[in-house]
Amino acid sequence: MTATTTTTTTTTGAGFVTAALQSAKRTILQFFRTPQLLMLGTIQGALFLFMFRYIFGGAISRGEGIDYVDFLVPGFLVTQILFLGMSAATGVAENAATGVHDRMRSLPITRSSVMFGRSIADAALTLWGIFVAGLLAFIVGFRLHADVAEVALALVLLAVATYSFMWVFIAIGLTSKSAQAANGTATLLIIPLAFVSAAFVPAASLPGWMQPVAANQPLTIFSNALRSLTLGGAETVGLGHSTAYWVVLSLVWSAGILLVFSTIAISRFARRR
Amino acid sequence: MTPIIESQKLTKRFGEVRALDGLDLVAESGRVTALLGPNGAGKTTFVSAVATLLRPDGGELRVAGIDVCAEPNRVRQIIGLAGQYASVEPAMTGTENLQLVARLFGLDRRAARAAAADVLERLGLADAGDRLVRDYSGGMRRRLDLGASLVGRPRLLLLDEPTTGLDPRGRIELWDAIRGLVADGTDVLLTTQYLEEADQLARQVVIIDHGRVIAAGTPDELRDRAGRNVIEVRPRSVGDLPAVEDALARIGGESPHTDTDTQRVSAGVERGADQLRNIVRLLDERGIDADDVALRRPSLDEVFLAVTGHPLEPTHPAPT
(Lines give C-alpha, C1' and ligand atoms only; values in the text may rest on other atoms or scores of the structure.)
Protein backbone atom coordinates (compact mmCIF):
# COMPACT_ATOMS: atom_id res chain seq x y z
CA MET A 1 0.00 0.00 0.00
CA THR A 2 1.20 3.50 -0.70
CA ALA A 3 2.37 5.48 2.25
CA THR A 4 -0.57 7.80 2.38
CA THR A 5 -1.02 9.94 5.40
CA THR A 6 -2.74 8.12 8.20
CA THR A 7 -4.17 11.14 9.88
CA THR A 8 -7.88 11.37 9.34
CA THR A 9 -9.16 14.84 8.74
CA THR A 10 -12.33 16.10 10.29
CA THR A 11 -14.30 17.63 7.47
CA THR A 12 -17.14 19.96 8.15
CA GLY A 13 -19.27 19.02 5.19
CA ALA A 14 -20.37 20.87 2.08
CA GLY A 15 -22.43 24.00 2.29
CA PHE A 16 -26.07 24.08 1.22
CA VAL A 17 -25.50 25.28 -2.31
CA THR A 18 -22.63 22.92 -3.08
CA ALA A 19 -24.55 19.97 -1.70
CA ALA A 20 -27.65 20.90 -3.71
CA LEU A 21 -25.61 21.33 -6.87
CA GLN A 22 -23.86 18.00 -6.44
CA SER A 23 -27.19 16.31 -5.89
CA ALA A 24 -28.58 18.00 -8.98
CA LYS A 25 -25.50 17.03 -10.98
CA ARG A 26 -26.01 13.38 -10.22
CA THR A 27 -29.62 13.45 -11.42
CA ILE A 28 -28.79 15.33 -14.60
CA LEU A 29 -25.82 13.15 -15.53
CA GLN A 30 -27.94 10.07 -14.98
CA PHE A 31 -30.59 11.42 -17.36
CA PHE A 32 -28.29 12.37 -20.19
CA ARG A 33 -26.20 9.21 -19.95
CA THR A 34 -29.00 6.67 -19.68
CA PRO A 35 -30.40 6.11 -23.16
CA GLN A 36 -33.90 5.10 -22.10
CA LEU A 37 -34.29 8.09 -19.83
CA LEU A 38 -32.89 10.48 -22.38
CA MET A 39 -34.98 9.15 -25.23
CA LEU A 40 -38.23 9.02 -23.33
CA GLY A 41 -37.68 12.31 -21.60
CA THR A 42 -36.92 14.11 -24.81
CA ILE A 43 -39.28 12.54 -27.30
CA GLN A 44 -42.33 11.61 -25.29
CA GLY A 45 -43.84 15.06 -25.14
CA ALA A 46 -43.30 15.75 -28.81
CA LEU A 47 -44.74 12.38 -29.74
CA PHE A 48 -47.93 12.84 -27.80
CA LEU A 49 -48.34 16.37 -29.07
CA PHE A 50 -48.09 15.06 -32.58
CA MET A 51 -50.77 12.48 -31.91
CA PHE A 52 -53.14 14.82 -30.14
CA ARG A 53 -52.76 17.48 -32.77
CA TYR A 54 -53.41 15.27 -35.75
CA ILE A 55 -55.34 12.28 -34.53
CA PHE A 56 -57.73 14.07 -32.22
CA GLY A 57 -57.53 17.48 -33.84
CA GLY A 58 -60.30 16.85 -36.27
CA ALA A 59 -62.65 15.19 -33.84
CA ILE A 60 -62.34 17.36 -30.74
CA SER A 61 -64.57 20.39 -30.78
CA ARG A 62 -62.83 23.65 -31.30
CA GLY A 63 -62.78 26.23 -28.54
CA GLU A 64 -64.41 29.52 -29.31
CA GLY A 65 -63.24 30.15 -32.82
CA ILE A 66 -59.53 29.63 -32.30
CA ASP A 67 -57.70 26.93 -34.15
CA TYR A 68 -57.52 23.71 -32.20
CA VAL A 69 -53.75 23.61 -32.42
CA ASP A 70 -53.53 27.02 -30.80
CA PHE A 71 -55.99 25.95 -28.16
CA LEU A 72 -54.27 22.64 -27.57
CA VAL A 73 -50.63 23.54 -27.24
CA PRO A 74 -50.57 25.64 -24.05
CA GLY A 75 -52.77 23.14 -22.25
CA PHE A 76 -50.80 20.23 -23.60
CA LEU A 77 -47.50 21.68 -22.45
CA VAL A 78 -48.95 22.07 -18.98
CA THR A 79 -49.92 18.41 -18.89
CA GLN A 80 -46.38 17.51 -19.80
CA ILE A 81 -45.34 18.84 -16.42
CA LEU A 82 -47.13 15.79 -15.08
CA PHE A 83 -46.33 13.23 -17.73
CA LEU A 84 -42.65 14.06 -17.89
CA GLY A 85 -42.29 15.04 -14.27
CA MET A 86 -43.56 11.79 -12.85
CA SER A 87 -40.30 10.07 -13.59
CA ALA A 88 -38.93 12.04 -10.67
CA ALA A 89 -41.09 9.94 -8.39
CA THR A 90 -39.65 6.72 -9.76
CA GLY A 91 -36.10 8.04 -9.66
CA VAL A 92 -36.40 9.16 -6.06
CA ALA A 93 -37.97 5.89 -4.96
CA GLU A 94 -35.19 4.03 -6.71
CA ASN A 95 -32.57 6.06 -4.89
CA ALA A 96 -34.28 5.40 -1.61
CA ALA A 97 -34.36 1.67 -2.21
CA THR A 98 -30.75 1.34 -3.32
CA GLY A 99 -29.06 3.04 -0.42
CA VAL A 100 -28.27 6.31 -2.16
CA HIS A 101 -30.32 8.24 0.36
CA ASP A 102 -28.76 6.39 3.26
CA ARG A 103 -25.33 7.47 2.16
CA MET A 104 -26.50 11.05 1.68
CA ARG A 105 -28.00 11.08 5.13
CA SER A 106 -24.81 9.77 6.70
CA LEU A 107 -22.87 12.72 5.30
CA PRO A 108 -22.36 16.01 7.16
CA ILE A 109 -24.67 18.01 4.89
CA THR A 110 -28.02 19.68 5.38
CA ARG A 111 -30.81 17.25 4.68
CA SER A 112 -32.92 19.60 2.64
CA SER A 113 -30.06 20.44 0.29
CA VAL A 114 -30.22 16.98 -1.26
CA MET A 115 -33.88 17.32 -2.09
CA PHE A 116 -33.53 20.90 -3.28
CA GLY A 117 -30.84 19.82 -5.68
CA ARG A 118 -33.03 17.02 -6.87
CA SER A 119 -36.02 19.28 -7.39
CA ILE A 120 -34.00 21.71 -9.47
CA ALA A 121 -32.58 18.94 -11.62
CA ASP A 122 -35.94 17.28 -12.12
CA ALA A 123 -37.56 20.58 -13.01
CA ALA A 124 -34.79 21.33 -15.50
CA LEU A 125 -35.14 17.94 -17.13
CA THR A 126 -38.92 18.24 -17.32
CA LEU A 127 -38.63 21.69 -18.85
CA TRP A 128 -36.19 20.23 -21.36
CA GLY A 129 -38.87 17.79 -22.55
CA ILE A 130 -41.47 20.54 -22.60
CA PHE A 131 -39.10 22.69 -24.63
CA VAL A 132 -38.68 19.99 -27.26
CA ALA A 133 -42.45 19.54 -27.45
CA GLY A 134 -42.82 23.30 -27.69
CA LEU A 135 -40.49 23.35 -30.69
CA LEU A 136 -42.57 20.71 -32.39
CA ALA A 137 -45.69 22.74 -31.61
CA PHE A 138 -44.51 25.48 -33.91
CA ILE A 139 -43.75 22.95 -36.60
CA VAL A 140 -47.27 21.53 -36.47
CA GLY A 141 -48.92 24.89 -36.74
CA PHE A 142 -49.02 26.61 -33.37
CA ARG A 143 -48.81 30.37 -33.63
CA LEU A 144 -48.28 32.89 -30.89
CA HIS A 145 -50.59 35.85 -30.64
CA ALA A 146 -48.67 37.68 -27.97
CA ASP A 147 -45.96 40.24 -27.36
CA VAL A 148 -42.56 39.55 -25.88
CA ALA A 149 -43.56 40.43 -22.34
CA GLU A 150 -46.48 38.05 -22.41
CA VAL A 151 -44.39 35.23 -23.81
CA ALA A 152 -41.70 35.84 -21.19
CA LEU A 153 -44.31 35.73 -18.47
CA ALA A 154 -45.73 32.55 -19.93
CA LEU A 155 -42.33 30.89 -19.80
CA VAL A 156 -41.77 32.01 -16.23
CA LEU A 157 -45.17 30.68 -15.25
CA LEU A 158 -44.46 27.36 -16.88
CA ALA A 159 -41.15 27.11 -15.04
CA VAL A 160 -42.71 28.00 -11.70
CA ALA A 161 -45.54 25.53 -12.14
CA THR A 162 -43.07 22.83 -13.14
CA TYR A 163 -40.86 23.45 -10.16
CA SER A 164 -43.73 23.26 -7.69
CA PHE A 165 -45.04 20.03 -9.13
CA MET A 166 -41.63 18.39 -8.87
CA TRP A 167 -42.06 18.41 -5.12
CA VAL A 168 -45.29 16.46 -5.48
CA PHE A 169 -43.45 13.74 -7.32
CA ILE A 170 -40.48 13.82 -4.99
CA ALA A 171 -42.86 13.44 -2.07
CA ILE A 172 -44.52 10.49 -3.80
CA GLY A 173 -41.14 8.91 -4.41
CA LEU A 174 -40.11 9.32 -0.78
CA THR A 175 -43.31 7.91 0.61
CA SER A 176 -43.60 4.93 -1.70
CA LYS A 177 -42.25 1.53 -0.83
CA SER A 178 -40.68 0.87 -4.20
CA ALA A 179 -40.04 2.44 -7.58
CA GLN A 180 -42.99 0.53 -9.00
CA ALA A 181 -45.30 1.71 -6.25
CA ALA A 182 -44.14 5.26 -6.86
CA ASN A 183 -44.84 4.89 -10.54
CA GLY A 184 -48.29 3.54 -9.82
CA THR A 185 -49.22 6.28 -7.39
CA ALA A 186 -47.94 8.99 -9.68
CA THR A 187 -49.92 7.59 -12.60
CA LEU A 188 -53.10 7.44 -10.54
CA LEU A 189 -52.59 11.07 -9.72
CA ILE A 190 -51.77 12.49 -13.11
CA ILE A 191 -54.45 10.85 -15.22
CA PRO A 192 -57.41 12.58 -13.60
CA LEU A 193 -55.45 15.79 -13.18
CA ALA A 194 -54.52 15.89 -16.83
CA PHE A 195 -57.78 14.78 -18.36
CA VAL A 196 -60.44 16.12 -16.06
CA SER A 197 -59.28 19.61 -16.92
CA ALA A 198 -59.31 22.24 -19.60
CA ALA A 199 -55.90 21.16 -20.82
CA PHE A 200 -57.10 19.32 -23.90
CA VAL A 201 -60.66 20.48 -24.32
CA PRO A 202 -62.69 23.50 -23.27
CA ALA A 203 -64.00 22.96 -19.77
CA ALA A 204 -67.52 23.61 -20.93
CA SER A 205 -67.41 20.54 -23.15
CA LEU A 206 -66.83 18.19 -20.22
CA PRO A 207 -69.75 16.31 -18.65
CA GLY A 208 -71.68 18.26 -16.04
CA TRP A 209 -70.44 16.26 -13.09
CA MET A 210 -66.80 16.81 -14.07
CA GLN A 211 -67.16 20.56 -14.40
CA PRO A 212 -66.77 21.58 -10.76
CA VAL A 213 -63.62 19.47 -10.42
CA ALA A 214 -62.19 20.61 -13.70
CA ALA A 215 -62.92 24.25 -13.09
CA ASN A 216 -61.05 24.43 -9.83
CA GLN A 217 -58.05 22.21 -10.24
CA PRO A 218 -54.56 23.56 -10.85
CA LEU A 219 -54.10 22.19 -14.35
CA THR A 220 -57.11 24.09 -15.63
CA ILE A 221 -55.87 27.23 -13.96
CA PHE A 222 -52.38 26.87 -15.41
CA SER A 223 -53.75 26.05 -18.87
CA ASN A 224 -56.04 29.03 -18.84
CA ALA A 225 -53.23 31.30 -17.74
CA LEU A 226 -50.91 30.03 -20.42
CA ARG A 227 -53.58 30.29 -23.08
CA SER A 228 -54.42 33.83 -22.09
CA LEU A 229 -50.80 34.84 -22.23
CA THR A 230 -49.95 33.23 -25.56
CA LEU A 231 -53.11 33.74 -27.54
CA GLY A 232 -53.93 37.35 -26.93
CA GLY A 233 -55.72 37.63 -23.64
CA ALA A 234 -58.30 35.84 -21.61
CA GLU A 235 -61.24 37.44 -23.44
CA THR A 236 -59.91 36.30 -26.81
CA VAL A 237 -59.82 32.75 -25.55
CA GLY A 238 -63.30 33.02 -24.19
CA LEU A 239 -62.49 32.82 -20.52
CA GLY A 240 -64.27 34.83 -17.88
CA HIS A 241 -61.89 36.97 -15.78
CA SER A 242 -58.81 38.80 -16.99
CA THR A 243 -55.44 37.40 -17.94
CA ALA A 244 -54.03 38.82 -14.73
CA TYR A 245 -56.58 36.86 -12.74
CA TRP A 246 -55.48 33.56 -14.21
CA VAL A 247 -51.79 34.38 -13.82
CA VAL A 248 -52.12 35.37 -10.19
CA LEU A 249 -54.26 32.35 -9.41
CA SER A 250 -51.66 30.12 -11.03
CA LEU A 251 -48.93 31.62 -8.90
CA VAL A 252 -50.99 31.13 -5.78
CA TRP A 253 -51.61 27.50 -6.64
CA SER A 254 -47.92 26.97 -7.36
CA ALA A 255 -46.92 28.50 -4.08
CA GLY A 256 -49.40 26.35 -2.22
CA ILE A 257 -48.33 23.13 -3.90
CA LEU A 258 -44.70 24.02 -3.38
CA LEU A 259 -45.09 24.75 0.30
CA VAL A 260 -47.16 21.73 1.15
CA PHE A 261 -45.24 19.13 -0.79
CA SER A 262 -41.74 20.41 -0.14
CA THR A 263 -42.52 20.25 3.58
CA ILE A 264 -43.74 16.69 3.23
CA ALA A 265 -40.79 15.65 1.12
CA ILE A 266 -38.07 17.27 3.21
CA SER A 267 -39.41 16.12 6.52
CA ARG A 268 -39.74 12.64 5.15
CA PHE A 269 -36.19 12.59 3.84
CA ALA A 270 -34.75 14.12 6.97
CA ARG A 271 -36.50 12.01 9.51
CA ARG A 272 -34.51 9.64 11.67
CA ARG A 273 -36.81 6.71 12.04
CA MET B 1 -7.79 5.62 23.91
CA THR B 2 -11.53 6.17 23.67
CA PRO B 3 -13.29 3.22 22.13
CA ILE B 4 -14.53 4.09 18.69
CA ILE B 5 -18.01 2.76 19.44
CA GLU B 6 -19.69 2.41 22.80
CA SER B 7 -23.19 1.11 23.03
CA GLN B 8 -25.05 0.64 26.29
CA LYS B 9 -28.43 -1.03 26.60
CA LEU B 10 -29.41 0.15 23.15
CA THR B 11 -33.02 -0.54 22.23
CA LYS B 12 -34.99 0.00 19.06
CA ARG B 13 -38.44 -1.18 18.16
CA PHE B 14 -40.22 -1.32 14.85
CA GLY B 15 -43.81 -1.87 15.79
CA GLU B 16 -43.88 -5.26 17.44
CA VAL B 17 -40.36 -6.23 16.50
CA ARG B 18 -37.53 -5.55 18.93
CA ALA B 19 -34.69 -5.03 16.52
CA LEU B 20 -32.29 -3.97 19.28
CA ASP B 21 -33.01 -5.32 22.72
CA GLY B 22 -30.45 -3.98 25.13
CA LEU B 23 -27.33 -4.13 23.03
CA ASP B 24 -24.06 -3.59 24.90
CA LEU B 25 -21.00 -3.33 22.75
CA VAL B 26 -17.58 -1.73 22.89
CA ALA B 27 -15.49 -1.53 19.75
CA GLU B 28 -11.92 -0.56 20.45
CA SER B 29 -9.98 1.69 18.19
CA GLY B 30 -7.29 0.39 15.88
CA ARG B 31 -8.95 -2.78 14.74
CA VAL B 32 -11.70 -4.35 12.73
CA THR B 33 -14.72 -5.35 14.75
CA ALA B 34 -17.12 -7.77 13.16
CA LEU B 35 -20.77 -8.04 14.07
CA LEU B 36 -21.81 -11.56 13.35
CA GLY B 37 -25.31 -12.96 13.35
CA PRO B 38 -28.13 -14.35 11.25
CA ASN B 39 -30.67 -12.35 9.30
CA GLY B 40 -32.85 -10.32 11.59
CA ALA B 41 -30.31 -10.30 14.40
CA GLY B 42 -30.16 -6.52 14.43
CA LYS B 43 -26.88 -5.96 12.58
CA THR B 44 -28.21 -3.52 10.01
CA THR B 45 -30.29 -1.77 12.64
CA PHE B 46 -27.21 -1.25 14.78
CA VAL B 47 -25.13 0.02 11.88
CA SER B 48 -27.94 2.38 10.90
CA ALA B 49 -28.03 3.72 14.41
CA VAL B 50 -24.29 4.33 14.42
CA ALA B 51 -24.56 5.97 11.00
CA THR B 52 -27.15 8.40 12.46
CA LEU B 53 -29.85 7.13 10.14
CA LEU B 54 -31.89 5.77 12.98
CA ARG B 55 -32.76 7.13 16.37
CA PRO B 56 -32.64 4.48 19.10
CA ASP B 57 -35.54 4.28 21.52
CA GLY B 58 -33.36 3.91 24.56
CA GLY B 59 -29.83 3.40 25.79
CA GLU B 60 -26.65 5.21 24.93
CA LEU B 61 -24.57 5.21 21.81
CA ARG B 62 -21.29 7.01 21.32
CA VAL B 63 -18.89 7.23 18.44
CA ALA B 64 -15.42 8.39 19.43
CA GLY B 65 -17.01 9.71 22.58
CA ILE B 66 -19.64 11.75 20.74
CA ASP B 67 -23.27 11.09 21.61
CA VAL B 68 -24.97 9.98 18.43
CA CYS B 69 -28.41 11.21 19.39
CA ALA B 70 -27.31 14.58 20.68
CA GLU B 71 -24.75 15.50 18.06
CA PRO B 72 -25.43 13.53 14.90
CA ASN B 73 -23.76 16.01 12.63
CA ARG B 74 -20.45 15.74 14.47
CA VAL B 75 -20.64 11.97 14.10
CA ARG B 76 -21.34 12.31 10.39
CA GLN B 77 -18.09 14.18 9.96
CA ILE B 78 -16.05 11.19 11.04
CA ILE B 79 -17.88 8.19 9.66
CA GLY B 80 -18.13 6.59 6.25
CA LEU B 81 -20.98 4.27 5.40
CA ALA B 82 -21.07 1.50 2.83
CA GLY B 83 -24.49 -0.10 3.07
CA GLN B 84 -25.78 -3.37 1.73
CA TYR B 85 -26.25 -1.95 -1.74
CA ALA B 86 -23.44 -0.51 -3.76
CA SER B 87 -25.02 2.91 -3.99
CA VAL B 88 -22.74 4.36 -6.61
CA GLU B 89 -24.31 5.86 -9.73
CA PRO B 90 -23.93 3.62 -12.79
CA ALA B 91 -24.23 6.50 -15.23
CA MET B 92 -21.16 8.22 -13.82
CA THR B 93 -17.52 7.21 -13.91
CA GLY B 94 -15.67 5.90 -10.87
CA THR B 95 -13.81 9.17 -10.55
CA GLU B 96 -16.96 11.24 -10.83
CA ASN B 97 -18.68 9.18 -8.19
CA LEU B 98 -15.86 9.60 -5.72
CA GLN B 99 -15.46 13.28 -6.47
CA LEU B 100 -19.14 13.81 -5.81
CA VAL B 101 -18.96 12.28 -2.36
CA ALA B 102 -15.72 14.10 -1.64
CA ARG B 103 -17.35 17.43 -2.50
CA LEU B 104 -20.24 16.57 -0.21
CA PHE B 105 -17.74 15.98 2.56
CA GLY B 106 -16.69 19.55 2.15
CA LEU B 107 -13.53 19.19 0.09
CA ASP B 108 -13.04 21.79 -2.59
CA ARG B 109 -12.76 20.81 -6.22
CA ARG B 110 -9.04 20.28 -6.22
CA ALA B 111 -8.92 18.40 -2.94
CA ALA B 112 -11.85 16.27 -4.07
CA ARG B 113 -10.06 15.33 -7.25
CA ALA B 114 -6.94 14.39 -5.33
CA ALA B 115 -8.87 12.38 -2.77
CA ALA B 116 -10.74 10.51 -5.49
CA ALA B 117 -7.54 9.64 -7.31
CA ASP B 118 -5.90 8.56 -4.10
CA VAL B 119 -8.73 6.25 -3.11
CA LEU B 120 -8.96 4.74 -6.59
CA GLU B 121 -5.27 3.99 -6.38
CA ARG B 122 -5.54 2.37 -2.97
CA LEU B 123 -8.37 0.15 -4.10
CA GLY B 124 -6.77 -0.89 -7.36
CA LEU B 125 -9.35 0.91 -9.48
CA ALA B 126 -7.11 3.63 -10.90
CA ASP B 127 -7.30 2.18 -14.41
CA ALA B 128 -11.07 1.95 -14.34
CA GLY B 129 -11.55 5.42 -12.93
CA ASP B 130 -12.70 6.95 -16.18
CA ARG B 131 -15.07 4.20 -17.14
CA LEU B 132 -18.77 4.34 -16.36
CA VAL B 133 -19.66 2.30 -13.31
CA ARG B 134 -22.30 0.64 -15.42
CA ASP B 135 -19.43 -1.26 -17.04
CA TYR B 136 -17.83 -2.39 -13.81
CA SER B 137 -18.01 -5.93 -12.50
CA GLY B 138 -19.91 -6.56 -9.30
CA GLY B 139 -16.69 -6.74 -7.34
CA MET B 140 -15.42 -3.48 -8.76
CA ARG B 141 -18.68 -1.77 -8.00
CA ARG B 142 -18.46 -2.87 -4.38
CA ARG B 143 -14.91 -1.69 -4.11
CA LEU B 144 -15.88 1.64 -5.55
CA ASP B 145 -18.69 1.87 -3.03
CA LEU B 146 -16.15 1.15 -0.34
CA GLY B 147 -14.08 3.92 -1.83
CA ALA B 148 -17.00 6.31 -1.65
CA SER B 149 -17.17 5.74 2.08
CA LEU B 150 -13.43 6.35 2.37
CA VAL B 151 -13.01 9.46 0.36
CA GLY B 152 -13.85 11.70 3.29
CA ARG B 153 -11.07 10.13 5.38
CA PRO B 154 -13.37 8.80 8.06
CA ARG B 155 -12.18 7.62 11.42
CA LEU B 156 -14.78 4.90 11.45
CA LEU B 157 -15.88 2.89 8.47
CA LEU B 158 -19.23 1.12 8.63
CA LEU B 159 -19.59 -1.82 6.28
CA ASP B 160 -22.91 -3.62 6.18
CA GLU B 161 -22.46 -7.11 4.72
CA PRO B 162 -19.88 -5.85 2.26
CA THR B 163 -19.40 -9.03 0.26
CA THR B 164 -23.03 -9.91 -0.35
CA GLY B 165 -23.48 -11.24 -3.86
CA LEU B 166 -19.81 -11.26 -4.73
CA ASP B 167 -18.12 -14.21 -6.34
CA PRO B 168 -15.14 -15.73 -4.49
CA ARG B 169 -12.64 -13.60 -6.39
CA GLY B 170 -14.56 -10.42 -5.72
CA ARG B 171 -14.82 -11.33 -2.08
CA ILE B 172 -11.09 -11.85 -1.74
CA GLU B 173 -10.34 -8.58 -3.50
CA LEU B 174 -12.61 -6.76 -1.13
CA TRP B 175 -11.06 -8.46 1.89
CA ASP B 176 -7.64 -7.34 0.75
CA ALA B 177 -8.90 -3.81 0.38
CA ILE B 178 -10.39 -3.84 3.85
CA ARG B 179 -7.23 -5.20 5.40
CA GLY B 180 -5.30 -2.39 3.80
CA LEU B 181 -7.56 0.14 5.44
CA VAL B 182 -6.82 -1.02 8.91
CA ALA B 183 -3.13 -0.85 8.18
CA ASP B 184 -3.69 2.81 7.33
CA GLY B 185 -5.35 3.56 10.62
CA THR B 186 -9.07 3.49 9.89
CA ASP B 187 -11.32 1.74 12.39
CA VAL B 188 -13.82 -0.62 10.84
CA LEU B 189 -17.11 -2.06 11.97
CA LEU B 190 -18.41 -4.66 9.61
CA THR B 191 -21.43 -6.91 9.73
CA THR B 192 -21.54 -10.35 8.25
CA GLN B 193 -23.35 -13.66 8.33
CA TYR B 194 -20.20 -15.62 7.65
CA LEU B 195 -17.83 -16.76 10.36
CA GLU B 196 -15.14 -17.16 7.76
CA GLU B 197 -15.37 -13.51 6.83
CA ALA B 198 -15.24 -12.44 10.44
CA ASP B 199 -12.33 -14.78 10.92
CA GLN B 200 -10.42 -13.39 7.96
CA LEU B 201 -10.86 -9.76 8.77
CA ALA B 202 -11.63 -9.12 12.39
CA ARG B 203 -9.75 -9.23 15.61
CA GLN B 204 -12.89 -8.77 17.63
CA VAL B 205 -16.03 -10.67 16.77
CA VAL B 206 -19.32 -9.88 18.41
CA ILE B 207 -22.11 -12.38 17.96
CA ILE B 208 -25.56 -10.91 18.11
CA ASP B 209 -29.00 -12.36 17.87
CA HIS B 210 -32.43 -10.94 18.56
CA GLY B 211 -30.96 -7.53 19.15
CA ARG B 212 -28.57 -8.56 21.87
CA VAL B 213 -24.92 -9.45 22.19
CA ILE B 214 -24.59 -13.16 22.81
CA ALA B 215 -20.83 -13.52 22.87
CA ALA B 216 -17.73 -11.57 22.04
CA GLY B 217 -14.08 -12.43 21.57
CA THR B 218 -11.45 -13.17 19.01
CA PRO B 219 -12.44 -15.72 16.39
CA ASP B 220 -10.30 -18.36 18.06
CA GLU B 221 -11.76 -17.68 21.46
CA LEU B 222 -15.25 -18.10 20.08
CA ARG B 223 -14.36 -21.30 18.37
CA ASP B 224 -12.90 -22.64 21.59
CA ARG B 225 -16.11 -21.78 23.33
CA ALA B 226 -17.92 -23.95 20.91
CA GLY B 227 -15.69 -26.62 22.37
CA ARG B 228 -15.63 -29.40 20.00
CA ASN B 229 -13.38 -29.62 17.06
CA VAL B 230 -14.07 -32.68 15.02
CA ILE B 231 -11.60 -35.11 13.52
CA GLU B 232 -12.81 -37.00 10.45
CA VAL B 233 -11.04 -39.99 8.99
CA ARG B 234 -11.85 -41.74 5.75
CA PRO B 235 -10.03 -45.04 5.59
CA ARG B 236 -9.03 -46.38 2.22
CA SER B 237 -10.73 -49.67 2.84
CA VAL B 238 -14.26 -50.01 4.17
CA GLY B 239 -13.21 -52.87 6.33
CA ASP B 240 -11.04 -50.59 8.38
CA LEU B 241 -13.94 -48.51 9.65
CA PRO B 242 -14.24 -50.30 13.00
CA ALA B 243 -10.50 -50.07 13.51
CA VAL B 244 -10.59 -46.37 12.88
CA GLU B 245 -13.41 -45.96 15.35
CA ASP B 246 -11.35 -47.70 17.92
CA ALA B 247 -8.31 -45.56 17.18
CA LEU B 248 -10.29 -42.40 17.56
CA ALA B 249 -11.67 -43.54 20.85
CA ARG B 250 -8.14 -44.30 21.91
CA ILE B 251 -6.87 -40.80 21.42
CA GLY B 252 -9.72 -39.46 23.47
CA GLY B 253 -12.29 -38.68 20.87
CA GLU B 254 -15.86 -38.38 22.09
CA SER B 255 -18.29 -40.98 20.85
CA PRO B 256 -16.77 -41.80 17.49
CA HIS B 257 -19.47 -42.06 14.90
CA THR B 258 -19.33 -43.88 11.60
CA ASP B 259 -21.21 -42.63 8.61
CA THR B 260 -21.44 -45.61 6.28
CA ASP B 261 -22.67 -43.50 3.37
CA THR B 262 -19.62 -41.31 3.23
CA GLN B 263 -17.37 -43.91 4.80
CA ARG B 264 -16.13 -41.49 7.35
CA VAL B 265 -15.61 -41.79 11.06
CA SER B 266 -15.81 -38.64 13.08
CA ALA B 267 -15.27 -37.82 16.71
CA GLY B 268 -15.27 -34.67 18.74
CA VAL B 269 -11.94 -33.83 20.32
CA GLU B 270 -10.77 -31.49 22.99
CA ARG B 271 -7.66 -29.97 21.55
CA GLY B 272 -7.70 -30.14 17.80
CA ALA B 273 -4.16 -29.89 16.55
CA ASP B 274 -2.66 -32.22 19.14
CA GLN B 275 -5.28 -34.89 18.58
CA LEU B 276 -4.76 -34.67 14.87
CA ARG B 277 -1.12 -35.44 15.31
CA ASN B 278 -2.00 -38.30 17.62
CA ILE B 279 -4.51 -39.91 15.30
CA VAL B 280 -2.18 -39.74 12.35
CA ARG B 281 0.52 -41.41 14.41
CA LEU B 282 -1.86 -44.05 15.71
CA LEU B 283 -3.24 -44.90 12.29
CA ASP B 284 0.28 -45.19 11.02
CA GLU B 285 1.31 -47.45 13.90
CA ARG B 286 -1.63 -49.74 13.25
CA GLY B 287 -1.06 -49.81 9.54
CA ILE B 288 -4.41 -48.31 8.61
CA ASP B 289 -4.31 -46.43 5.35
CA ALA B 290 -6.46 -43.37 5.23
CA ASP B 291 -7.59 -41.41 2.21
CA ASP B 292 -8.43 -38.38 4.26
CA VAL B 293 -7.69 -37.23 7.76
CA ALA B 294 -9.14 -33.85 8.58
CA LEU B 295 -9.53 -31.57 11.51
CA ARG B 296 -12.70 -29.59 11.20
CA ARG B 297 -12.99 -26.47 13.28
CA PRO B 298 -16.45 -25.55 14.43
CA SER B 299 -18.58 -23.81 11.86
CA LEU B 300 -20.68 -20.80 12.67
CA ASP B 301 -23.63 -23.09 13.18
CA GLU B 302 -21.78 -25.00 15.85
CA VAL B 303 -20.45 -21.88 17.53
CA PHE B 304 -23.91 -20.43 17.46
CA LEU B 305 -25.49 -23.57 18.77
CA ALA B 306 -22.97 -23.77 21.56
CA VAL B 307 -23.36 -20.18 22.52
CA THR B 308 -27.07 -19.58 22.07
CA GLY B 309 -28.48 -23.04 22.45
CA HIS B 310 -30.34 -22.95 19.19
CA PRO B 311 -29.30 -23.37 15.59
CA LEU B 312 -28.30 -20.48 13.38
CA GLU B 313 -31.21 -20.89 11.00
CA PRO B 314 -34.50 -22.48 12.02
CA THR B 315 -34.49 -24.64 8.93
CA HIS B 316 -30.79 -25.33 9.00
CA PRO B 317 -29.95 -29.00 9.22
CA ALA B 318 -28.10 -30.19 12.30
CA PRO B 319 -24.37 -29.58 12.11
CA THR B 320 -22.60 -32.48 10.48
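Modeller: Gladly! Let us take strand E9 of chain B, residues 204–209: six of its six residues are buried, so this strand is largely enclosed by the rest of the structure. A residue is called buried if 20 or more other C-beta atoms lie within 10 Å of its own, exposed if 12 or fewer, and partly exposed in between, with C-beta atoms placed from the backbone. Strands (E, at least two residues) and helices (H or I, at least four) are DSSP runs, numbered from the N terminus.

A word on the model itself. This is a predicted model, in which local features need pLDDT of at least 70 and side-chain atom pairs count only at pLDDT 80 or more, while totals for chains, interfaces and linings use all residues. Residues are numbered from 1 along each chain as its sequence is written, and chains are lettered from A and ligands numbered from 1 in the order in which they are written.

Back to the strand. In a regular strand the side chains alternate between the two faces of the sheet. Both faces of E9(B) are covered: one side holds the buried residues B:Gln204, B:Val206 and B:Ile208, and the other holds B:Val205, B:Ile207 and B:Asp209, which are buried too.

Next come the partners. Strands of a sheet pair through backbone hydrogen bonds, either parallel or antiparallel. Two strands count as paired if DSSP finds at least two bridges between them. Strand E3 of chain B (residues 32–36) pairs with E9(B) in the parallel sense, over four bridges. Within that pairing, B:Leu35 has B:Val206 as its bridge partner in E9(B). Strand E10 of chain B (residues 212–217) pairs with E9(B) in the antiparallel sense, over five bridges. E9(B) and E10(B) form a hairpin with two residues between the strands, where B:His210 takes a positive phi near 50°.

For contrast, look at B:Tyr85, in the loop between strand E6 (79–82) and helix H3 (94–104) of chain B. B:Tyr85 counts as partly exposed because it has 19 C-beta neighbours inside 10 Å. Leaving aside neighbours within four places in sequence, B:Tyr85 is in contact with A:Thr98 and A:Gly99; contact means that the C-beta atoms, placed from the backbone, lie within 7 Å. Between the two chains, 31 residues of chain A are in contact with 35 residues of chain B.
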